[in-house]
Amino acid sequence: MTMADVRCPMCSTINPADATACSVCGARLKPMIAGEAESLAGPPEPQEGEAGDWLARIRSEVERKAETSGEAPPRPGEPEWLNRLRPASGEEEGPPEGELPEWLSEEEGSAAGPSEAAPGEVPDWLARIRERQKTELEAAAEEAPPPSADDDWLGRLRREEFLPTEPEAPLGEEPEREAPPLGPRPPSRPLPPSSPPAPAAAPPPISATGPPPSGRIPPPSGEKPAVSQAPPFMGISKDLLEGAMPKWLEGAGPSSDEGLPHMPALVAEEGLAVTPESASDLQMGSIDIPNWLGDLRKDAGVAPPDAGAPGDSLARATLPAWLEAMRPMDTFRPVVEIQAEDAQEVESAGPLAGLRGVLLAEPVVAMPRQPSYSGARLEVTERQFALADLIHRMVEQEASEVGPKPPARRRLPFSRWAIAGALFLAVALPALLGAPSLSVPTLVPPGLPALITLVDSLPGDRPVLLVFDYEPAYAGELDAVAGPLLEDLMQRDIRLATVSTRPSGPPLAERLIRRIGDAHGYLNGQDYVHLGYLPGGPAAVQLFARDPRESLAGGFLLAQEPTRRGMWSTPVLAGVQQFSDFGAVVIIAAGTEIARTWVEQAGPWTGASPLVMVASAGIEPLIRPYYEALNPQVDAVLSGLPAAVAYEQANGRAGDARLLWDSFGTGMLVAEMALILGGMYGAASFLLRSGTGTSES
Amino acid sequence: MRLRLSLLWAAVASAVGLLVLAGFFIQTPILIALGGSLVGLAVLLAGVALLLGLYNLLSVHLRKISLQERGWPYSALLVLSLLGTLVLGVFFGPDNPVALVLFNSFQLPAEASLMALLAVTLTLAGFRLISRRRDLLSFVFVGVALLVLLGTGPWPSGETSDTYLLIIDVRNWLAQVWAAGGARGILLGVALGAAATGLRVLLAADRPYGE
Amino acid sequence: MIAQELLGPAVLVLFVGLILGFAMLGRRWPAVFRPLHGLEALGAAIERAVEAGERVHLSLGTGSVTGADSAPAFAGLAMLSRVAAATAMSDRPVVVTAGDGAMAVLAQDTLRSAYDRARAQDRFQSTSGRMLAPTPFSYAAALPTVLANEDVSVHMLIGSFGSEVALAADFGERQRAFVLAGTDDIQSQALLYVTADHPLIGEEVFAGGAYLNVGPLHRASLRAEDLLRTLIVASILIGTVLRTLGDLV
C-alpha cells in the first residue's frame with residue numbers, strides 16, 4: 001500500500017487514491033464534505049505528493065466558494081461545515097429565538113417513539129420548511145428513473161455498487177416499532193430550514209420493516225436516489241441517501257458533484273489524525289436531517305401516495321415471498337449494541353491511536369489484566385466440595401489398602417530342616433544301627449486270617465494273576481506289604497503271571513519277584529511270566545477281563561520270542577483261556593481309582609476265582625466297603641505295614657516288612673511329636689495373643 | 001465354514017459318546033461290539049497322543065536350549081535322556097538289561113526320594129496347620145490324624161496297655177466308620193460331578209476339543 | 001433285574017432333563033450358590049497377576065483322557081477357557097501343563113479357541129499347553145522349574161492327581177503363589193487340605209465352571225447335581241430307617 005492508496009472504512013480494502021468508492025463494498029472513500037474531513041483531522045500537515053495536492057485543492061475550493069458565496073472563511077477552531085451553512089432566508093428561518101421545537105423539548109421524556117405532534121400545532125417555521133422540501137421532492141420525483149420490476153430499493157442496489165439497505169428502525173429497537181426521529185438535534189445548532197412536504201406528494205412512510213412496498217421515497221431533485229433507506233442511527237437524511245445534496249453540504253467539493261450519499265469516514269484518511277474533538281463531529285446525531293423525513297414517519301400508515309405522487313410513475317412493487325425472505329435488513333441489525341461515539345473509548349496506542357470504536361489493544365490484549373473475579377479466595381460450590389471430599393477419601397482408602405506382598409526375605413526354613421532332619425534320623429538310625437527296636441504288633445488284623453485261609457485254599461495247578469498297578473514311588477511301601485503274600489504263594493509253588501496298566505509296572509514286578517523268588521528258585525518263563533504292559537488305562541481293564549488273550553499283544557522279559565501265541569503257550573499259562581481261569585487275582589494298587597476300576601471292571605469276570613486287594617494304607621477306608629459288603633466284591637484285603645508284619649510272623653519268615661518296622665515306628669513317632677508340638681505352639685500363641693489383646697483393650 | 005466344522009466335531013463327539021453309553025446300558029451285541037471298537041479306537045488315539053505329548057515336550061526344551069534360557073542345561077540333560085532311552089527302547093526293546101538298569105538306578109530311586117520328600121512335606125504341613133490356622137476344623141483334622149497315627153504305628157511301651165487298645169479301637173472306628181462314610185459321600189458327589197461333566201461334553205456344552 | 005438295569009438309564013435321563021430344565025429356567029429362577037472362597041478369590045488373584053506381569057499356571061493333572069480320571073481335567077479345561085480369556089492380552093498369558101499327551105493337546109485346542117474368541121490369534125503359542133512328564137511324580141518333579149522360570153503367581157491344580165498333588169501344592173506355596181487346588185481323589189483332597197491355601201473339597205472342583213460363569217449349562221448342571229444329591233441323601237436316610245426298622249422287627 002502506498003501513501004496514495006486509500007483504505008476503505010467499511011471493509012479495509014486498499015483502493016487507489018483517486019477512487020471515490022470502494023471496489024469491493026462500494027462504500028464511499030472520500031468524505032462527502034471534504035472540508036469536514038479535513039477539519040476532523042486537525043490542522044493539515046504538509047503533505048507531499050498527490051495526497052497533499054488534492055487536499056490543497058479542496059481547501060482552495062472551499063475558500064473560493066466561501067469568497068464567492070460571501071461566507072466567512074472558516075475560523076480556526078470551528079468546523080468548516082458550520083460556516084458553510086447558508087444563512088437562513090426568511091422562509092427558511094427557523095423557530096424564533098427562545099422557542100424550541102416540540103420535538104426537542106420532548107426529547108428527554110420520550111423513548112424511541114416518534115414524537116407526533118397534532119396537525120394543528122405545526123409551527124410556522126416548520127411548515128415553511130416542509131413546504132420547501134415538498135417542492136424539492138416533487139422535482140426529484142420527475143427525474144426518478146422508471147421503477148424496476150423489483151422493489152425500488154432493490155433496483156437501486158443494482159445500480160449502485162453498495163448501498164445500505166438497513167431498515168429505518170433504529171439500532172437496538174424492535175423491527176416492528178416505528179423508527180424514531182432521526183436523531184436529536186444538538187440544541188446549539190439551529191434547525192435547518194425545511195419545508196413541510198405536500199400531503200399529496202408525501203413519500204410513502206418509512207416503516208421499520210423496510211421500504212414501503214408500494215413505492216419509493218422520491219429523491220431530492222437533481223439527485224438520483226442512492227439508497228432507499230439507511231439505519232436511522234446513522235442520522236442520514238433521506239435526501240442524502242437518495243443522492244440529494246443537502247443544503248448545508250452544497251459547495252462542499254468534488255464529492256458533491258457525484259451525488260452519492262455517503263457517511264463521513266470513520267477512519268481518517270491516511271496521514272490525517274482524528275482528534276477527539278473532531279471525532280465528536282462524526283456523531284451521527286450531528287448530521288442534519290431534514291424534518292420532512294421525520295414527517296414522513298409520522299405519516300406512516302397513510303396510504304402510500306403512490307397514485308398521487310407527482311411524477312411517480314412507478315407502480316407499487318410487490319415483493320415475492322422468497323424475495324421478501326431475502327431482505328437482509330435483519331442481518332444488518334447488529335447484535336452488539338454499538339455505543340454512542342461519545343462513550344467510545346479512544347485508542348491511545350498502536351497504529352489505531354486516536355480512533356474511536358476500535359478494540360483497545362493494551363487493556364484487552366497486550367497488557368495483562370487482573371481477573372474479573374475476586375481471586376483472593378477460591379469459590380467452591382457444594383458439589384465441588386463433595387467431589388473433592390470423595391476424592392480425598394478415595395485417596396485415603398487407597399493408602400490404607402493392603403498393598404501387594406513385597407518380595408519376602410529369603411528366610412532359612414528352619415522348621416523344614418528340623419523336621420526333615422528328625423525324620424531322617426528316625427528312619428536311618430534303626431536301619432543302620434538296628435536301634436531303637438520296636439516290638440512287633442501282637443494284634444492280628446481282622447482280615448488277615450481270612451487271607452491266609454484263602455491262600456491256603458488256592459489250587460496249585462492254576463496260575464495266580466498279579467496286577468502291579470502302582471508307581472515306582474510307592475514301591476517302598478507296597479513291595480513290603482505284598483512281599484509276605486508272594487512269599488506265601490511261592491511257598492506253595494503257585495505259578496505267577498503279572499500284568500500292569502502302567503509302563504513302569506512290569507519292571508516293578510520283575511524286581512519284586514526276582515528278589516523274593518530267588519530264595520524259592522523261581523525262574524522267569526517257568527514259574528512266572530510277565531504279560532506286560534496293558535495300554536489304554538482303565539478302559540483296557542474291561543477288555544482284558546473280557547478276553548485276556550486278545551488284549552495283550554506281547555509280554556515283558558519273555559524267555560522266548562515275544563509273539564502272542566508264544567506267550568500264552570508257556571507252561572506258566574497252561575489252561576488259561578479266559579480271565580476266570582486264573583486261580584486268583586491279586587491287585588496291588590496305591591491309588592483309589594485304579595483299585596476300584598479293577599474291582600468294578602474285572603470283578604464280574606473273575607467268576608469263582610477270589611479277588612484279593614493289596615493296598616496302601618491310605619486307600620484302605622475306600623476299599624474296605626468292597627470287602628465288608630453283603631455281596632463282597634473283594635475277598636480279602638491286605639493293607640498297611642502292620643498287617644504285612646503280622647503276615648510275616650504268621651508265615652514264620654521275616655521279610656522286608658519286619659526290616660522296615662523299626663524305621664516305620666520311629667518315623668511315626670517323630671510325626672506324632674511334630675503334630676503335638678505344633679498344637680502346643682498354636683495353643684500357646686493363641687493364648688498369648690488373646691491375653692495381649694485383653695490387656696491392651 | 002468354521003461354524004460348520006465346529007458343529008461337525010460336536011456332532012461326532014456327541015454321537016460317539018452316546019453310542020458307548022448306550023452300549024453300556026443296552027446289552028445288545030451290535031452296541032457292545034460298536035462300543036468296544038470305539039473304546040479301542042480311543043485307546044489307540046490316547047497312545048498316539050502320548051507321542052504328540054512327547055513331541056511337545058521336546059519342542060519346549062529344545063527351544064529353551066536354543067535360546068539358552070534359565071536352566072537350559074537341565075533341559076539339555078532331559079533331551080539327551082529322553083532320546084537315549086527312546087532309542088534304547090525302540091531298537092533293543094523296553095525290557096533290555098540297560099533299560100532295566102536305568103529304571104532301577106534312576107527312576108525308582110528318584111521317585112522314592114520324592115515320596116520321602118512327601119512325608120517331610122506332610123509332616124511340616126501338619127505342623128503349620130495346627131500352629132497357624134487355629135480354627136475348629138484344623139484342630140479336628142490334626143486330632144484325627146494324631147489318633148490314626150497313634151493307632152497305626154508301634155508304641156515304644158508295647159501294645160499291651162489298655163490305652164493302646166483304646167486307641168486302636170478309636171482308630172478303627174474313625175477309619176472304618178467316619179472316614180469310610182465321609183469318603184463314600186464325597187465319592188457320590190464326585191460321581192455326580194463327573195457325570196455332569198460327561199453329560200456336558202455329550203450335550204456339546206463343553207467342547208474341550210476346541211471350537 | 002430289569003429294574004436294576006433300567007435304573008441307570010433312568011437316572012441318566014433324569015439328570016439330562018434336570019440340566020436342560022434348569023438351563024431354560026436359568027433367567028427366571030437364577031441360581032444362588034454358596035460362596036467358595038477359593039473360586040471367589042481366583043478372579044482377584046488373576047487380575048493381580050496380569051497387572052503385575054506375572055503368569056498364571058493351570059495344571060490339568062496326571063490323569064488320562066480315556067478313564068474316569070479325565071472328568072476333573074475336563075472341569076479344568078472349562079475353567080481354562082475363562083482364565084485364558086482373562087490373560088489373553090496379558091504380557092504373560094496362562095500356561096497349561098498336563099501329565100498326559102492327549103490332555104496337553106486338548107489344552108492347546110482350548111487355548112486356541114480362547115485366543116480366537118479374543119481375536120488374538122497371533123498371540124497363541126502351542127507351547128502354552130505342554131506335557132511336563134508322563135508319570136505323576138516326575139510331573140511333580142518338573143513343576144518347580146516351571147514355577148520359577150515362568151514367574152508364576154497363580155498356581156491352579158485342577159485335575160486328577162495322586163499323592164504328588166501335595167508336593168505340587170507345596171511347591172506353589174514355597175513360590176508364594178496363590179494356590180487353588182482340586183481333584184477327584186479323596187486321599188489327595190485330604191493332602192490338599194493341609195498343603196494348599198484354597199483347597200476344593202469333594203465335588204467343588206466340578207463347580208468351577210459355574211462359579212466362573214463359563215456357560216448357562218454349567219450353572220444348570222450344578223443345580224441338577226445339588227438336587228440329585230439331595231435325592232440320594234433322602235433315599236439313603238429312608239433306606240437306613242427302613243433297614244433299621246426291619247432289623248428291629
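Predicted model: local features only at pLDDT ≥ 70, side-chain atom pairs only at ≥ 80, totals over all residues.

A: Where do the two partners lie? A:D456 belongs to helix α15 of chain A, residues 448-456. A:R492 sits in the loop between α16 (475-491) and β4 (496-500) of chain A. The pair therefore ties together parts that are 36 residues apart in sequence.

Next, take A:R502 and A:E471. Their side chains meet in a salt bridge of 2.6 Å, N to O. This pair also links distant parts of the chain, 31 residues apart. A:R502 is in the loop between β4 and α17 (505-517) of chain A. A:E471 is in the loop between β3 (464-469) and α16 of chain A. Are these two residues buried or partly exposed? A:R502 has a relative accessible area of 22%, which makes it partly exposed. A:E471 has 7% relative accessibility and counts as buried. The cut-off is what matters here: buried means under 20%.

Now a pair within one helix. A:E620 and A:R624 meet through their side chains in a salt bridge, 2.7 Å from N to O. Both residues lie in helix α22 of chain A, residues 620-628. They are four residues apart, so about one helical turn separates them. A:E620 and A:R624 are both buried.

Some salt bridges share partners. In this way A:D456, A:D488 and A:R492 are joined into one network. Why can such pairs form? Side chains of opposite charge can pair when their charged atoms come close. Across all chains, the search of the whole structure finds 24 salt bridges.

How many salt bridges are there between chain C and chain B? The count is zero. Still, the two chains touch: 61 residues of chain C are in contact with 52 residues of chain B. About 4800 Å² is buried between them, and carbon and sulfur atoms give 71% of that area. Eight residue pairs are in polar contact between chain C and chain B, both residues at pLDDT 80 or more. Several elements of chain C give two or more residues to its side of this contact, including α1 (2-25), α3 (71-87) and α9 (216-248). The most comes from α4(C), with ten residues. By class, the side of chain C that touches chain B has 32 nonpolar, 19 polar and ten charged residues.

Notes. Residues numbered from 1 in each chain as written. Chains lettered and ligands numbered in written order. Heavy atoms only, no water. Salt bridge = Lys/Arg side-chain N within 4 Å of Asp/Glu carboxyl O. Buried < 20%, exposed > 50% of the residue type's maximum accessible area, 1.4 Å probe, protein only. Contact = heavy atoms within 4.5 Å. Buried area = accessible area lost by both parts, 1.4 Å probe. Polar contact = N/O pair within 3.5 Å; in protein donor to acceptor, adjacent residues only side chain to side chain. Nonpolar A, V, L, I, M, F, W, Y, C, P; charged D, E, K, R; others polar.
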